[in-house]
Amino acid sequence: MALVALSELLGAPVRDASGTVQGRVREIAVAPQDHPTRVSYLVVRTGDRERIVPARALKSHSPTVRATTDASEWESYAPSDGVLLLKRDLLDRQIIDVHGRKVVRANDVELDSTPTDSHLVLTVVAVDVGARGVIRRLAKGIVPSFTLRALLERIPPRVIPWPFVDLIETDPTRRVKLKIAYEGLSKLHPADIADIVEDLPPAEREAVFETLDEEVAAEALEEVDPRVQVSIVESLDSDRAADIVEEMDPDAAADLLGGLSRDRSGEILQEMEPSERQEVTQLLEFSEHTAAGHMTTEFVAVPAEAVVGDAIETLKRFEGGHEAVATIYLTGPGQKLLGAVPLLKVATTAPTVPLAQLAADTISCPYDTPEDDVAALFDKYNLVTLAVVDDHGRLAGIITADDVITMLRQTH
Amino acid sequence: VLFLRAGWKSRLLLSLAVVGPGFITAAVDNDAGGIAIYSIAGAQFGYSLLWTMIPITISLVVVQEMAARMGAVTGKGLSDLIREEFGLRVTFLLMFALVITNLGNIVAEFAGVASSLELFRVPRYLSVPVAAALVWVLVVKGTYRSVEKIFLLASGIYVCYVIAGLLAQPDWRAAIVGTVSRPTASDVRTYGYLVMVVGLVGTTIAPWMQFYLQASIVEKGITARQYRASRWDVILGCFFTDIIAWFVIVACAATLHAQGRPDIKDAADAAQALRPLAGEYAYVLFAAGLFNASLFAASILPTSTAYAVCEGLGLESGLDKKFHEAPAFYWLYTLLIVGGASVLLIPGVPLIHIMALSQVVNGVVLPFVLIFMLRLTNNRDLMGSHVNSRTHNIVAWATVAVMITLTLAMVATQTKGS
């Protein structure tokens with residue numbers, strides 16, 4: 001087992017079975033369909049054209065690349081969508097460092113070379129993003145190789161192991177062929193995905209949002225800066241955008257659609273499921289800087305005569321965000337707000353106790369309350385959630401503490 | 001009722017967000033070095049160099065528009081694109097050259113701060129360290145948006161030059177004729193006249209501007225869709241720059257040249273000399289304008305350099321990041337300011353030579369940057385339908401050819417001179 005850098009292989013002379021130098025290495029190809037990390041072939045520039053030297057014909061790579069076959073057996077190279085070319089697709093490109101949760105630039109690629117009985121197996125192991133890769137490439141051919149090697153050993157490596165690398169490919173068909181699915185990225189916290197996406201150029205952002213699972217995409221999109229949010233949604237197809245928007249919290253979805261052009265948000269609403277569309281359309285009618293502008297319509301409400309057990313059953317079926325379950329609201333006929341019970345009390349009381357016995361003073365505000373007053377209510381009563389009621393005292397939605405934090409950070 | 005949320009406020013914010021980078025870049029273009037050159041041009045040659053303003057404006061618009069378009073279409077900085085398309089070595093060499101060039105420019109800016117405040121009897125040992133600290137705090141401790149507002153506001157002070165030009169009571173007819181007529185054959189053969197043309201072009205179209213403008217467009221999140229408005233921002237900015245330049249030349253031509261006092265060495269000399277000729281106010285305005293220009297450019301150049309270098313070499317960058325998130329960015333930024341300012345505190349440092357050298361390096365680096373830009377903006381994989389038009393290419397390549405010729409001429413005259 002030995003490590004070799006992509007930059008050391010590129011440009012290296014290639015000898016065929018007869019021992020004569022036939023050309024130089026120009027590219028190294030990995031075919032993800034066959035094997036996710038193993039080198040499939042080298043592209044070698046010979047006098048007249050570019051040829052393919054298959055990995056199974058490789059004997060050694062240092063100091064020159066040696067092949068076990070004759071140059072006449074090497075086929076001509078024709079570009080193909082389905083292979084990953086390490087120099088073109090990786091070197092100097094931006095990649096996502098899933099472990100470090102950021103966008104970085106590839107300075108070099110580290111390959112492992114392991115000799116087997118018949119040939120040499122080259123495998124991509126890591127991407128160099130540190131000073132070592134930079135110095136190796138800058139000094140190549142200028143500093144004698146043994147001096148360079150000694151120098152490089154003194155530099156601490158900064159590499160990302162290959163499993164933590166997510167490539168960014170903007171062409172959707174190539175993405176499928178190369179099996180790029182942003183698996184690593186989608187396992188991150190939505191807020192981290194959002195930070196990464198904000199650091200990417202627009203086409204790359206679009207690529208990520210086209211590929212991510214809808215639910216993950218929706219959660220991440222909620223955390224993205226509003227300006228970037230708009231540009232992402234503008235770039236997606238209406239039906240893809242609608243799929244993502246449907247998965248978002250209705251208040252976040254309404255904020256997002258409100259920032260789009262009228263035509264664009266109309267198209268997206270058209271593509272949405274009727275029930276989600278109705279919720280979002282209602283929210284869109286409210287002014288952004290009032291209680292209604294910040295409320296979500298996904299909350300836990302049970303009839304006022306219900307017992308603790310009923311509340312727990314409702315909670316089990318609840319599909320909204322986990323911020324919203326901190327308070328269980330009691331409603332009468334026509335959704336009229338009658339009381340509120342903290343989740344803690346529900347969790348610590350016997351299932352047969354009527355909820356009305358646990359209800360405390362209910363704090364609520366009319367839907368047109370200015371946002372500053374909303375923040376003041378949260379502050380004064382140490383609220384986790386605040387009920388928003390319409391002109392007839394009906395529970396229209398709730399505001400959660402995290403929305404208030406977002407609101408305060410936006411205004412200051 | 002349905003779309004109350006997308007009210008006039010957000011629309012106003014959107015248009016304000018688009019007006020900015022192009023204008024700021026162009027405004028900073030009239031830095032200490034620029035004002036010095038314009039003043040000397042007016043003082044020595046009167047109205048006879050005003051004709052350069054029209055071709056310079058055309059080239060400036062074309063070049064700046066390319067940078068802005070690239071930023072909007074690709075969402076990437078210029079050095080990002082150079083790294084991706086031309087590799088690490090080319091990028092490294094270019095970044096090295098850019099740091100050296102811009103360090104020279106930064107020294108020139110602090111020299112501008114020092115000499116403008118010396119007119120108000122503030123010693124440079126006080127003004128330069130204070131200005132350096134102010135610039136550092138302004139950019140590092142403020143967020144990008146508020147910093148930009150300060151910058152935008154500051155470009156208003158450039159109106160000083162227009163007022164100074166008006167107070168100088170120039171011969172308007174001669175000025176207009178000088179702007180639209182061709183140079184005379186005998187002028188063109190004069191050694192000093194040619195050097196001045198080189199200086200005027202070199203100071204107006206500088207390498208740092210391309211990197212700064214494209215980075216600002218990307219940082220603002222301006223996309224290909226919003227680009228139409230940005231193009232106007234760029235074009236208006238270029239006109240603004242050159243109108244100010246025109247007025248500086250006219251002011252100096254109407255006073256210093258008309259009174260037979262052409263021998264000034266820099267912009268502070270010009271302000272000093274204007275005092276008895278155009279009155280106390282013109283003098284104060286000229287000095288205040290120089291001070292602002294220098295301070296403004298001194299805050300933008302180090303940022304621009306740090307952006308370009310960190311993007312190109314793949315290091316974390318951006319004013320929206322904290323110090324510990326982008327250490328290389330902030331260190332480079334800090335070292336450029338400290339380095340640029342401390343040169344001025346060395347007793348007996350040959351300032352004129354340093355400034356002249358920085359102009360030469362500027363000119364040598366610019367054609368390379370322009371060629372990279374042209375190759376990038378003609379790359380269909382990158383730009384899609386937004387590649388350069390044929391007319392665009394002709395103007396841009398002509399600019400490159402002229403710049404290379406002028407640069408060679410400048411190097412030749414420098415060698416001849418020394």
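Residues are numbered from 1 along each chain as its sequence is written, and chains are lettered from A and ligands numbered from 1 in the order in which they are written. Because the model is predicted, local features need pLDDT of at least 70 and side-chain atom pairs count only at pLDDT 80 or more, while totals for chains, interfaces and linings use all residues; side-chain values use heavy atoms, with hydrogens and water left out.

Helices (DSSP runs of H or I, at least four residues) and strands (DSSP runs of E, at least two) are numbered from the N terminus. Two strands are paired if DSSP finds at least two bridges between them. Strands of a sheet pair through backbone hydrogen bonds, either parallel or antiparallel. In chain A, three strands form an open sheet in the order 11-10-15, with antiparallel pairing. Its edge strands are strand 11 and strand 15 of chain A, each pairing on one side only. Strand 10 of chain A covers residues 94-97. Four bridges link strand 10 to strand 11 (residues 102-105) of chain A. Two bridges link strand 10 to strand 15 (residues 165-166) of chain A. Ile96(A) has Val103(A) as its bridge partner in strand 11 of chain A. In strand 15 of chain A, Asp166(A) stands opposite Ile96(A). The hairpin of strands 10 and 11 of chain A has four residues between the strands. Within this hairpin, Arg101(A) takes a positive phi near 55 degrees.

Burial was assigned from relative accessible area: buried is under 20%, exposed is over 50% and partly exposed lies in between (1.4 Å probe, protein chains only). Both faces of strand 10 of chain A are covered. Gln94(A) and Ile96(A) are buried on one side, and Ile95(A) and Asp97(A) are buried on the other. Strand 17 (residues 327-331) of chain A is largely enclosed by the rest of the structure, because five of its five residues are buried. Thr327(A), Tyr329(A) and Thr331(A) point one way from strand 17, whereas Ile328(A) and Leu330(A) point the other way. Strand 17 runs parallel to strand 16 (residues 301-303) of chain A, and three bridges join them. Pro303(A) stands opposite Thr331(A) of strand 17 of chain A.

Helix 11 (residues 238-247) of chain A has seven of its ten residues buried, so it is largely enclosed by the rest of the structure. The buried residues are Ser238(A), Arg240(A), Ala241(A), Ala242(A), Ile244(A), Val245(A) and Glu246(A). Their cover includes helix 8 (202-211), helix 9 (214-223), helix 10 (226-235), helix 12 (250-258), helix 13 (262-271) and helix 14 (274-284) of chain A. Contact means heavy atoms within 4.5 Å. Leaving aside neighbours within four places in sequence, Ser238(A) is in contact with Arg264(A), Glu267(A), Ile268(A) and Glu271(A).

In chain B, Ser304(B) lies in helix 16 (residues 280-313). Ser304(B) counts as buried because its relative accessibility is 0%. With neighbours within four places in sequence left aside, Ser304(B) is in contact with Asn102(B), Trp208(B), Phe211(B) and Tyr212(B). Ser304(B) and Gly192(B) are 112 residues apart in sequence, and their C-alpha atoms are 33 Å apart in space.

The contact between the chains was then examined. Buried area is the accessible area (1.4 Å probe) that two parts lose on being put together, summed over both. Chain A and chain B bury about 2600 Å² between them, 50% of it on carbon and sulfur atoms. Arg105(A), Leu138(A) and Arg227(A) supply 24% of the area that chain A buries against chain B, more than any other three residues. The contact takes 34 residues from chain A and 29 residues from chain B.

Points are joined across faces, edges and corners, and a volume is the space filled by probe spheres set on the points. Two cavities of 30 Å³ or more were counted. The second largest cavity holds about 30 Å³ of space. Its lining consists of Leu9(A), Leu42(A), Leu58(A), Ser60(A), His61(A), Val65(A), Leu120(A) and Leu122(A). Strand 6 (58-60) and strand 13 (120-128) of chain A are the elements that give two or more residues to this lining. Ala, Val, Leu, Ile, Met, Phe, Trp, Tyr, Cys and Pro count as nonpolar, Asp, Glu, Lys and Arg as charged, and the others, Gly among them, as polar. By class, the lining of the second largest cavity has six nonpolar, two polar and no charged residues.

Conventions:
On a 1 Å grid over the protein atoms alone, a cavity is a set of points where a 1.4 Å probe fits but cannot get out, and a pocket is an open set with protein on both sides within 12 Å along at least five of seven lines; lining residues have an atom within 4 Å of a point.
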